[in-house]
Amino acid sequence: QEQLVESGGGLVQAGGSLTLSCLASGRGFSIRVMAWFRQAPGKERELVASISNGGIPYYANSVKGRFTVSRDNAKNTLSLQMNSLRPEDSATYYCAKCSGVSLCEGPPRLTGQGTQVTVSS
């Protein structure tokens, strides 16, 4: 059974850093575009970053230059290094397995349960 499990969230001061991890079980990790989404209370879910099966990243403008997405296909893991965090980055972050060839297209095929990130000012 396919499953995505996130970890690494927490409380951090503005300007600080966190690294999120996602462990994927089941088949198909290495061939899929993987992504991180986030959703804050009262807001729509938004795509934060994605990475193709070949390692080509995509970033939302709001996180470009601050976040780095990476993957290890041998270990079925996806990571998100978040630096220079801001209060507006506070949200539940979700790991996702996507449709698409190089970008995350349409609704995710699968998401994890999420991990909370809170950035205090």
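The legends below describe close-up views of a predicted model.

**View 1. Strand 8 pairs in the antiparallel sense with strand 3 and with strand 7.** Strand 3, residues 18-25, is joined to strand 8 by six bridges. Strand 7, residues 67-72, also pairs with strand 8 over six bridges. Thr 77 in strand 8 is the bridge partner of Leu 23, and Asp 72 stands opposite Thr 77 as well. Strand 7 and strand 8 form a hairpin with four residues between the strands. In this hairpin Asn 76 has a positive phi, near 55 degrees.

**View 2. The largest nonpolar core contains 27 residues.** The residues with the most contacts inside this core are Trp 36, Leu 78, Leu 80, Met 82 and Tyr 93. At least two core residues come from each of strand 3, strand 4 (34-39), strand 5 (46-51), strand 7, strand 8, strand 9 (91-99) and strand 11 (115-120). Strand 3 gives the most, with four residues. Apart from this core lies another core of six residues, including Ala 35, Phe 37, Cys 98 and Cys 104. In soluble globular proteins, nonpolar side chains tend to be buried together.

**View 3. Met 82 belongs to the largest nonpolar core.** With residues up to four places away in sequence not counted, Met 82 touches Gly 16, Ser 17, Leu 18, Leu 20, Arg 66, Phe 67, Tyr 93 and Val 117.

**View 4. Cys 22 lies in strand 3.** Cys 22 counts as buried because its relative accessibility is 1%, which is under 20%. Beyond residues up to four places away in sequence, Cys 22 touches Leu 4, Val 5, Glu 6, Trp 36, Asn 76, Thr 77, Leu 78 and Cys 95. Cys 22 and Tyr 94 are 72 residues apart in sequence, with a C-alpha to C-alpha distance of 8.8 Å.

**View 5. Lys 97 is placed in strand 9.** Lys 97 has a relative accessible area of 3% and is therefore buried. The side chains of Lys 97 and Glu 2 make a polar contact of 2.6 Å. Neighbours within four places in sequence aside, the residues in contact with Lys 97 include Leu 4, Arg 27, Phe 29, Met 34, Pro 108 and Leu 110.

**View 6. Thr 92 is also found in strand 9.** Thr 92 is counted as buried because its relative accessibility is 17% and the limit is under 20%. Its side chain is joined to the side chain of Gln 116 by a polar contact of 2.9 Å. With neighbours within four places in sequence left aside, Thr 92 is in contact with Phe 37, Arg 38, Gln 39, Gly 114, Thr 115 and Gln 116.

**View 7. Arg 45 sits over the ring of Phe 37, and Arg 71 lies over the face of Phe 29.** The charged end of Arg 45 is 5.1 Å from the centre of the Phe 37 ring. For Arg 71 and Phe 29, the distance to the ring centre is 4.7 Å. The structure holds zero aromatic pairs.

Note on methods
Residues are numbered from 1 along each chain as its sequence is written. This is a predicted model: local features need pLDDT of at least 70, side-chain atom pairs count only at pLDDT 80 or more; totals for chains, interfaces and linings use all residues. Side-chain values use heavy atoms; hydrogens and water are left out. Two strands pair if DSSP finds at least two bridges between them. A nonpolar core is a set of buried Ala, Val, Leu, Ile, Met, Phe, Trp, Tyr and Cys residues joined through side-chain atoms within 4.5 Å. Buried means under 20% relative accessible area, exposed over 50%, partly exposed in between (1.4 Å probe, protein chains only). Contact means heavy atoms within 4.5 Å. Rings of Phe, Tyr and Trp (its six-membered ring) pair if their centres lie within 6.5 Å; planes under 30 degrees apart count as stacked, over 60 as edge-to-face and the rest as tilted. A charge sits over a ring if NZ of Lys or CZ of Arg is within 6 Å of the ring centre and within 35 degrees of the ring normal. A polar contact is a pair of N or O atoms within 3.5 Å; within protein, one must be able to donate a hydrogen and the other to accept it, and residues adjacent in sequence count only if both atoms are side-chain atoms.
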